[in-house]
Every structure is written in C-alpha cells, then in structure tokens.
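Colleague: Can you take me through a few parts of this one? I am new to reading structures.

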Amino acid sequence: MTTSFRPSSGRQRSRHFGVTGAVSLTAVGTLLLGVSVPAAATTGGAGVGDPYYPEDGNSGYDVIHYDVNLHYDPAHPDRLDGDTTVTAQATADLGQFDLDLKGFEVSGVLVDGHAARAVRRSGDHELVVTPYVQLRQGQQFTVRVRYAGTPAAEGWHILDDGGAEAAGEPHGATSWFPANDHPSDKATLALAVTVPTGWTVIGNGLPGPTTVDGGRRTFRWSETHPMVMYAATVAIDKFTVQKYALADGTPVIDAYSPGEAIDPQTQRVQADIISFFSTKFGPYPFESAGGIALGSGRDVPPGLETQSRPTYQGGLWDYPMTHEIAHQWFGDSVSYTDWRDACIAECVAQYATQLWDEHAAGSDLDTVFYKGTLEGASGDPSFWSTRIYDAGPGHELDEGIYVKGALMMHALRRTVGDAGFFTTLKQWTSEHRDSNASWPDFERLAAKVSGQDLTGFFSAWAHSTTVPPDRYLYPGSLAQLRPRR
C-alpha cells in the first residue's frame, strides 16, 4: 500500500439451493437447526488467532481456489449480486465452519452440492455453515454462496461515474465475496463479472473470454498464483485499455478511467521498473503485469498492491509504481504469516523507491535519502517510537513502519554490503515464493547469508522504540554522517 509520505527524494425459487431469495438467512437457519450434527463433529474456529485480528480468517480448512461471479449495474451502484464457490480442504473433521463475509443477504449455501443444514450470521463478518454431511479431515470440498445487497464501504468503492473498484488492506475482500480472510491462507482466484455493454471489467492475472448476452457483457479473469485476499481486485469503469508485453513476453495490461492522464512514457517506465527490480529481487513472480489508474470516488485508496495489477489513483507515475510493483515480490508473492509482519512488505517496498532513484537518477542514498530523512525525523519526537516488527493492533500500517523501515533497510545494506543485502532479497523471494513468511524469518536469513550476528542490529532497529545506537545508525559508509559529539 502506498503511504502519503515521500522521503527526500426479481426473486424466484432456486431448485438448487432449496430456499427462496425472499426467505431471510436467519429464517433458513432456524428451519434447518432441528437436524442434529454427529457428536464427533469438530467446529471450525471463527478466526485463525491472529494477534491483531483474532477473528480474521477461519480454522478447520485451507482454501485452494475461489470462483467469484458478480453482476453489477452502474445505474444501481449500491447493489451487488454475487455467486461465489470456495474450494477448500478440511484440516479436521468438520461439522461446522465459518466464512468471512461482511453484509449482504445470503439466499443459499451449498456444500458439495447439498443445501447446508444450517446457516447463520455471527459477529461482524462471520457466516457460520453447518454442512449436510460432516466433512472429514483431508477431504476437498466446495461451498457455494449466493448473496446480494450493498457491499461494505471498507473494501468496495463507488467511482463518481457509477463504476466501482474493490481494494482494501488489511480488510477488503469480504466486502464483495465470502473468503477465509487472513494472509496465511492464500488461494488462486477466477473472476467473472457481468456488466452493461459499454463498461469494462479489469481483474487480477490474465483475461479470459468475454461473452455478450443481450445488453450485457461478462468479463473473465484468472490469477493462477495463490494470493492473499486483500490483493484481490475488480475494477469496473469505461476504461481505456492498453496492452503490450515486456521484453521476455510477459503480457502487460494497463487500464485508465475516463479523464485520467495517460503518460506516453508509462509503458517504457513501467517495463524499466520491472526489469530493474528483477535484477535486485529475482525474476518477476507472476504471469502478467500492469496497472489500473482509477478516477475519483468514494474512499478510493491512493494505491494498493493488488496482485499482478496494482491500483492507483490519478495515473501511473514512476514513484507510486515503484512502491506497488516492489510489492509484487514483497507482500504478494511472499506474504505475511500474520499482521505483525508488515515490514516484510512495506519496509522493502518503501526502500525500493530509493533504489529506483539511485538507479534512474544517480541519487546518493547516503546523503540525499538517509541523511535527509534523519534530519527530518529529528524534529519529530514520535518518529522512533514506532516498533517496526509487532507495531500493535491498528498500527500495522502506520507511516512510521514505511519510513523508519526504509531507513533500516539502507542501514542493513551498509552493514552487510551490497552482495549480502541483495543476495538476501533474492534468496527470500526464491525460498518463499507463492507462500508466507515472517519478519523473524527475514532476520534469520539476513544473518545466515551475511555470516554476521545481526541480533543487535535488528533489536535496535526492528524491535526498539528509541534511536538506534550509533554503531547501528551509522554503519559502513554512513559513518561519515555521524555527528561530532
């Protein structure tokens, strides 16, 4: 996610679901609750126990794939109709499990093609499902949920022209489809969205066939690499779409909302950024690239690292692109184990903008970035109080993690040298590609690659709320910046 700070540089009976859209979910659950569940059944937990958001995600199963089907009409921007199938594998014998879904009226739930015994809502976003037949540990199963209503504004944003865009971190996906909403459970996603003719839909990954039925068009997208759910997106607008390819043949798709500036240099700059980062971070991790430049609207975020195709507001410019493109390696391909780990994404992505300045403009990062940022921090007594690792609930994306974290990455580079630093980054993205890892994992890898004991360094930078001692604040070539005392 981009921070604003820039360092110095009609209802019918469903034959399949067995309930009508006119019957509320509560009523459905009440009608079905009289059927008993086997005594041996396990209840999946309403949350995976994240230390910051304990009710996020759900235990008892791992999601493999999401198949999300939506109908949206910009003439009625506060309504979304959805039909999502979740394919998962049970990690325990389950007589009951939860999905995360915020809002909506749910008209039916099928588990492996059979109407659920019971369905009810709980808390802020829990959809509690009792399957007709108990699920066995190791069993692969599907859950199909039909729903409609007004999406939660936390992750669903209405554009001024009636279009829409879905993005949000740490939450967002559950405002438009049911999910196991925690970064530790990554899954692939297929998307099909039906809109009136004249509108275009952009999603993650690669496009599939577009079909026309009367005055409506259905767009299809597929992301075959597992993703965290906050990196899933759908954007609906009257886009101008540009398609081209990187030097290695990777397809690039850029989409611009009406009125958004289209810089003729964007294609070259975007390709150069990806190429440069590939030399520093390892091969680009996905089968497609590109960006979505959104117009103004309700609470549209300034930028987010939606997988393979980041979203931006106001155009595709080099500074925001460097940050969000770096996230494709750090945050998207290699993702958090829990929300304490934000630095494995934000610290590197923020520092990536400095690497680009060094590469493209010849910037001296010791003096222009590092010294300038330290001087700016000297007038802010709260700057050093941000703990980079385990910042605390609600603070996992505080600005201090970005800025202090970028300083730490440069200090680490000067501590271990360029060879050790960039080898660590490449090995990190290679070892953990398409999976999850923690910030302590990163600390251990950096120490292993460099052959140095970095305990004191990381204790001073990532785990402390005070200014690091001079030996960690001014390592290597940064010693020239140490003030005389």
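**Strand 17 and other parts**

Modeller: Start with strand 17, residues 234-237, in what is a predicted model. Val234 and Ile236 point one way, Ala235 and Asp237 point the other way, and all of them are buried.

Colleague: Ok, and how many bridges join strand 11 to strand 17?

Modeller: Three, and the two strands run antiparallel. Within that pairing, Ala164 sits opposite Ile236 of strand 17.

Colleague: What about strand 13 and strand 17, parallel or antiparallel?

Modeller: Antiparallel, over four bridges. Gly203 has Val234 of strand 17 as its bridge partner.

Colleague: New topic. What is the strand order in the open sheet of four strands?

Modeller: The order is 1-4-8-7, and the pairing is mixed. Strand 1 (42-43) and strand 7 (118-122) are the edge strands, each pairing on one side only.

Colleague: And how do strand 4 and strand 8 run?

Modeller: Antiparallel, with four bridges joining residues 94-100 of strand 4 to residues 126-130 of strand 8. Leu99 is paired with Leu127 in strand 8.

Colleague: Now helices. Is helix 3 mostly covered or uncovered?

Modeller: Mostly covered: eight of the nine residues in helix 3 (318-326) are buried. Among them are Tyr319, Met321, His323 and Glu324.

Colleague: What do the buried residues of helix 3 pack against?

Modeller: Their partners include helix 2 (266-281), helix 4 (343-361) and helix 6 (399-431). Strand 21 (303-304) and strand 22 (311-313) are also packed against them.

Technical notes
Residues are numbered from 1 along each chain as its sequence is written. This is a predicted model: local features need pLDDT of at least 70, side-chain atom pairs count only at pLDDT 80 or more; totals for chains, interfaces and linings use all residues. Side-chain values use heavy atoms; hydrogens and water are left out. Buried means under 20% relative accessible area, exposed over 50%, partly exposed in between (1.4 Å probe, protein chains only). Contact means heavy atoms within 4.5 Å. Two strands pair if DSSP finds at least two bridges between them.
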